[in-house]
Amino acid sequence: MTQCAEDGCSDPATVRVYVPWGEDRDVCTGHARALVQEDGVVAEPLEGADDDWR
């Protein structure tokens, strides 16, 4: 499993976020929860990732 794409975060990536105004990226559960609060951002669990993000 890869590491979260957010700067300074060493947690494993569990979710791919699709960001209309920026790059799509793989992030940890915590960052995914924060990012999906913004309009237009869509989250999708990564294959083999834990279901805790839901």
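User: Hi! Which strand does β1 join up with, and by how many bridges?
Analyst: Welcome! In this predicted model, strand β1, residues 15-18, is joined to β2 by 3 bridges, and the two run antiparallel.

User: Nice. Which residue of β2 is the bridge partner of Val17?
Analyst: That is Arg25, which partners Val17 from its place in β2.

User: And what holds paired strands together in general?
Analyst: Strands of a sheet pair through backbone hydrogen bonds, in either a parallel or an antiparallel way.

User: So what is the strand order in the sheet here?
Analyst: The order is β2-β1-β3, in an open sheet of 3 strands with antiparallel pairing. The edges are β2 (25-27) and β3 (42-45), each of which pairs on one side only.

User: How much are neighbouring strands turned against each other?
Analyst: On average by 35°, with direction ignored.

User: What size of box do the C-alpha atoms fill?
Analyst: Roughly 25 × 25 × 15 Å, taken along the principal axes.

User: Changing topic: what share of the residues is buried?
Analyst: Buried residues are 31% of the 54 in the chain.

User: What about the accessible surface, how many Å² does that come to?
Analyst: About 3700 Å², and carbon and sulfur atoms account for 43% of that surface.

How values were computed
Residues numbered from 1 in each chain as written. Predicted model: local features only at pLDDT ≥ 70, side-chain atom pairs only at ≥ 80, totals over all residues. Heavy atoms only, no water. Pairing = 2+ DSSP bridges. Helix = DSSP H or I, 4+ residues; strand = E, 2+ residues; numbered from the N terminus. Axes fitted to C-alpha atoms, helices over the stretch in contact; angles between N-to-C directions. Buried < 20%, exposed > 50% of the residue type's maximum accessible area, 1.4 Å probe, protein only. Areas by Shrake-Rupley, 256 points an atom, 1.4 Å probe, with all protein chains shown as cover.
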